[in-house]
Amino acid sequence: MSRSDDAASSAEERPRAHDVLAAVLGLAAVALLAGSPWLVDRSGPEPFYKGPLIFPLIALAIMAAGSVPAAVRLLLFSARTAQPLDGRGFPWTAARLFALMCCFPFALAFIGLEASTFLFAAAGLHLTGHGRPLLVLGIAACMTAILHVAFKLILDVWFPAPGILDLIAGAGG
Amino acid sequence: MSGLVDGLQAAFSIANILALSIGSVVGIAFGVLPGLGPMVGMALLLPFTFSLSPEVALSLLLGVFCGGYYGGGVPAVLLRTPGVPSSMVTSFDGFPLTQRGEAQTALSSALVGSLGGGLISIFILILLAPLLSRVAASFGSPEYFAAAVFGVLLVVVSFRQQLGPSLILIGFGFWLSTVGIDGPTLSARYTFGIWSIQNGLDIVPLVLGLFGIGQSLLLLEQGILKTDHLNLSRGSLDFSKILGMVRYWRTLIRSGVIGTFVGLLPGPGSVLASFISYDMAKRRSPQPEMFGRGTPEGCLASEAGNNAVPAGSMIPLLTLGIPGEALSALLLSVFILNGIYPGPLLLVKEPVLISTLYWSMLLINLVAFFVLALWLRPFAMIVRAPAKVLAVAIVIVSLVGIYPVNLRLFDCGVALAAGLFGYLLLRMKWPIVSLVMGIVMGPIIENRLRETMSLGDGSLAILFERPITVVILILSLVIVALPLWRQVRGWRQADV
């Protein structure tokens, strides 16, 4: 087997998504490399090697260099690479949970630790299709109790007052 | 000597004992769960360490680190599914023994191996750390820079089957570490005008996102294990079987020593340590044909090898400030968050802290051993935990843990973004360890690079003028060139 066959066969073994991700990261690195003089405040000390730009440039150059083989495979052997990532399809359950959890930090700040944990644990378990409603509520209540005890009672971690209390106080006063 | 006694007192304080016990139990639980592992446990406990003193925080995380390796052997023996990757080797002999109805023998040998490997490696750590520290005391910035680059190169080379992704992730990790205000020059870097990025990307949300959230999302798809077949004849281990394992003391010592020295090297040390220890035990055994068919010696060798890695990886961490793998990289971040900078002077400046660490590691091994031996069945049952509940719980704990650190929603956003990226990397089986190493090692390498270039008036030629850096550079060249040379030789032979 020759070297080009070797490269082609390794391209066939690996789904195209790997090369696409590598190439996207490589392109982002190249874009950042090109934009670095404007994205980094260079009013720092001279000479260059003491400045803030040298290490990011090295980091981005490493990223770009690492993506070159993937980009080459993508350009030369893309027709021979496998299409799907791993045959498991789109992760709808994970995507639903992730979308829900993107709202969780806002709820944490607005309605506080206990209420947000209970709501989002129950909603998360429901979205992922876990068991009957009563069981879901029970597990959510347990999670809330455990987090309250761990963070507030044992570790004495300070959480700011929920934003909703300010709203209520504002409306009342 | 007084340091040792003070350390002993600190290690036996109630807070420390509680922390290392909780850490060990959490570590075992996460180690038992295939697909999670000690890294997720350590990442989840990271926010809890902020309100603790450094030695207690380190004991908590070290408990998870070591406990994870103890737990990983349980599903490997009972279900042929390793809880941590390195326990895969344990399943070679552990599962055949379980199939023959000798699960007690297999688990006893694995547990004795873990304990023996752990204790031997701590002994070597205590002996070797001061020696290496003395050598490292003569290090200047160029030596540290060369050693750090060597460590990163070892990680990249250890993933040579995925050289491109590994390089990309190391570079990405380096770059992430530069985002925000640059300490020495006070220049803003890649902040895109966003005020919240000025402080940089905190390591806690990054690690919690990558491992906590990313792994949970993956867990939703893959699940854990669905089994009703846990062939345990009793709820705890039979101590007569444990005592019977003493006859393999030679294998135990050899595997412990191998594991410790493999742990010194950055990269996926525990897997390599298990394989080498197992292979060596097989070669030295009077009955090598029994390996793979179910011999307790195989389980013992593998577990002793992988459980010696944590203490082994502490040697370069404590003496040079260079972590050997992602788990010790996380420990390094705990040191730094507490204002403690590992290096040769650490052993001189903080003798009590170091001594407490030694004693704590010793206690962790004993606690993990007895906890697992006495409550084997409850821990084994953890594999039946519903994946969906675990996934939701881990994501919520991750986000709740991040928010109070700086009271910034931005950090939660960073964790969620890191979680999505981590999920993608885990699903594609990219070496996520490289990314963590890049994030943790980035600031160290950048500072040393600046100092080295300042010493050399802008030239790196200074690296070739100092004997230690020359040796490190030659070693670096060898570890890079050797695989390349082998590949070229393979191509030539194929062409012929």
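In the predicted model, chain A and chain B bury about 5,800 Å² between them, with 77% of this area lying on carbon and sulfur atoms. The interface brings 66 residues of chain A into contact with 62 residues of chain B. Between chain A and chain B the count of salt bridges is zero, whereas eight residue pairs, both members at pLDDT 80 or more, are in polar contact. On the side of chain A that touches chain B, at least two residues are supplied by each of the helices α1 (3-13), α2 (16-39), α3 (54-76), α4 (92-111), α5 (113-127) and α6 (133-154) of chain A. The largest share of this side of chain A, amounting to 11 residues, is contributed by α4(A). When the residues of chain A that touch chain B are sorted by class, 45 are nonpolar, 14 are polar and seven are charged.

Helix packing was also examined within chain B. Two packed helices are described by the angle between their axes and the distance between those axes. For helix α19 (residues 387-406) and helix α20 (residues 409-427) of chain B, the axes come within 8 Å and cross at roughly 145°, and the crossing in which α19(B) passes α20(B) is right-handed. The contact is formed by L399(B), I402(B), Y403(B) and N406(B) of α19(B), which meet L409(B), D411(B), C412(B), A415(B) and L416(B) of α20(B). By class, the residues of this contact between α19(B) and α20(B) comprise seven that are nonpolar, one that is polar and one that is charged.

Methods
Residues are numbered from 1 along each chain as its sequence is written. Chains are lettered from A and ligands numbered from 1 in the order in which they are written. This is a predicted model: local features need pLDDT of at least 70, side-chain atom pairs count only at pLDDT 80 or more; totals for chains, interfaces and linings use all residues. Side-chain values use heavy atoms; hydrogens and water are left out. Contact means heavy atoms within 4.5 Å. Buried area is the accessible area (1.4 Å probe) that two parts lose on being put together, summed over both. A salt bridge is a side-chain nitrogen of Lys or Arg within 4 Å of a carboxyl oxygen of Asp or Glu. A polar contact is a pair of N or O atoms within 3.5 Å; within protein, one must be able to donate a hydrogen and the other to accept it, and residues adjacent in sequence count only if both atoms are side-chain atoms. Helices (H or I, at least four residues) and strands (E, at least two) are DSSP runs, numbered from the N terminus. Ala, Val, Leu, Ile, Met, Phe, Trp, Tyr, Cys and Pro count as nonpolar, Asp, Glu, Lys and Arg as charged, and the others, Gly among them, as polar. Axes are lines fitted to C-alpha atoms, for helices over the stretch in contact, and angles run from 0 to 180 degrees between N-to-C directions. A crossing is left-handed if the near helix is turned anticlockwise from the far one by less than a right angle, and right-handed if clockwise.
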